[in-house]
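Please look over the structure shown here before reading on. The report is written to be followed with the sequence and the coordinates open side by side.

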Amino acid sequence: MKTREKLLQLLISKQDSWISGEAIAEELGITRAAVWKNINLLRDSGYTIDAVRNRGYRLLSETDILSELGIWKYLGPECRDLDIHIKHEVKSTNDLLREKAIAGSPDGTVLIAEMQTEGRGRSGRKFYSPADTGIYMSLLLRPVEMDPSKVLKFTTAAAVAVCQAIETVSDTKPQIKWVNDVFLNGKKVCGILTEGSMSFENGEMDHVILGIGINVYRPEDGFPEEIRNTAGYLFENTASDTKNKLAAAVLNNFMKFYRKGDFRSYINEYRKRLMVIGKDIFVVVRGENQSCEVLDIDEDCRLVVRFQDGKIEHLVAGEINSSSI
Ligand code: BTN
């Protein structure tokens, strides 16, 4: 662990109370000058640290910065094998992690960025990823010997994991817009992009990259014009350690599901939060829009719908006029 990280750990353990430069120097086995240098490095990364003569240093609790140590504080046993890396700025965490996957990084490698310059969404769209107000996270999974039909459920399981994580750190009730966008108060607060690579040698999944983008706070300059009416965020005010808690809760929830290989029980959690049940939607049948009522979802997260003639069908995303859901 770098000196800066050790210092951060020490300050976090004493959060909001003073610790003298001398005590830090002794604890970390460094000089007072090195303490000062590392305090400034932490300040440069955004931590608010008070320094007062004769008292020492104090990390203020409203600090909300993603850090490996900060996330580890909240991780459960199912996450103990994760290898977590935080980056300040990347083009896209999914792209960088794919490079790492090809170079041989193991199952459970996690890459989290404070901002992305070329964040990607589904269907070739961009994912707006400004600095410090969101969590942009990718998780590398190598589900060897897992049936690819189960791998398809990672995205919907991740949507449940994100909703449960938001419920843990707030008293809000997020919902899922079918198939896997997370909404709060009618606006999208999280998008999920799952990308995979099959091995041609054995027809098994080589790796899967699960990319999750969460808008935690309002971006400094607001959202760009084209998403201003549809994009939302979770919290109005910065609160201490929220991003670390939230990122850890997402990982805890998802890894529980992944490690157990339990693909049934999450469906109920998914169903409970689904916005579309009971609504009328439009489906394109032979080039024509037809209205039907959504009754339920099945075990594969397909929509179970009833057409006006009483016929019941199970539908996948491509069959549905997405503007109607
Ligand atoms: C969508 O809403 O269409 C999916 C958005 C997925 C965004 C996340 S942010 C982390 C990861 N890296 C990316 O470039 N995209 C995903």
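This is a predicted model: local features need pLDDT of at least 70, side-chain atom pairs count only at pLDDT 80 or more; totals for chains, interfaces and linings use all residues.

## Ligand surroundings

The ligand is surrounded by 20 residues, of which the closest are Ser92, Gln116, Arg120, Arg122 and Lys188. For Ser92, a polar side-chain atom lies 2.8 Å from an oxygen atom of the ligand, whereas for Arg122 it is a backbone N or O atom that lies 2.7 Å from an oxygen atom of the ligand.

A nitrogen atom of the ligand also takes part, lying 3.5 Å from a polar backbone atom of Asn94.

## Helix 1 and helix 3

Helix 1, which covers residues 3–13, and helix 3, which covers residues 32–44, have axes that come within 9 Å and cross at roughly 80°; helix 1 is therefore roughly perpendicular to helix 3. Helix 1 contributes Thr3, Arg4, Leu7, Leu8 and Leu11 to the contact, and helix 3 contributes Val35, Asn38, Ile39, Leu41 and Leu42. By class, the residues of this contact divide into seven nonpolar, two polar and one charged.

## Helix 7 and helix 9

The axes of helix 7 (residues 154–169) and helix 9 (residues 265–273) come within 9 Å and cross at roughly 65°, and because angles of 65 to 115 degrees count as roughly perpendicular, these two helices are placed in that class. The crossing of helix 7 and helix 9 is left-handed.

On the helix 7 side, Thr156, Ala157, Val160, Cys163, Gln164 and Glu167 meet Tyr266, Glu269, Tyr270 and Arg273 of helix 9. The residues of the contact between helix 7 and helix 9 comprise five nonpolar, two polar and three charged.

Conventions. Residues are numbered from 1 along each chain as its sequence is written. Side-chain values use heavy atoms; hydrogens and water are left out. Axes are lines fitted to C-alpha atoms, for helices over the stretch in contact, and angles run from 0 to 180 degrees between N-to-C directions. Helices (H or I, at least four residues) and strands (E, at least two) are DSSP runs, numbered from the N terminus. Angles under 35 degrees count as roughly parallel, over 145 as roughly antiparallel, 65 to 115 as roughly perpendicular and the rest as oblique. A crossing is left-handed if the near helix is turned anticlockwise from the far one by less than a right angle, and right-handed if clockwise. Contact means heavy atoms within 4.5 Å. Ala, Val, Leu, Ile, Met, Phe, Trp, Tyr, Cys and Pro count as nonpolar, Asp, Glu, Lys and Arg as charged, and the others, Gly among them, as polar. A residue is near a molecule or strand if one of its heavy atoms lies within 4 Å of it. A polar contact is a pair of N or O atoms within 3.5 Å; within protein, one must be able to donate a hydrogen and the other to accept it, and residues adjacent in sequence count only if both atoms are side-chain atoms.
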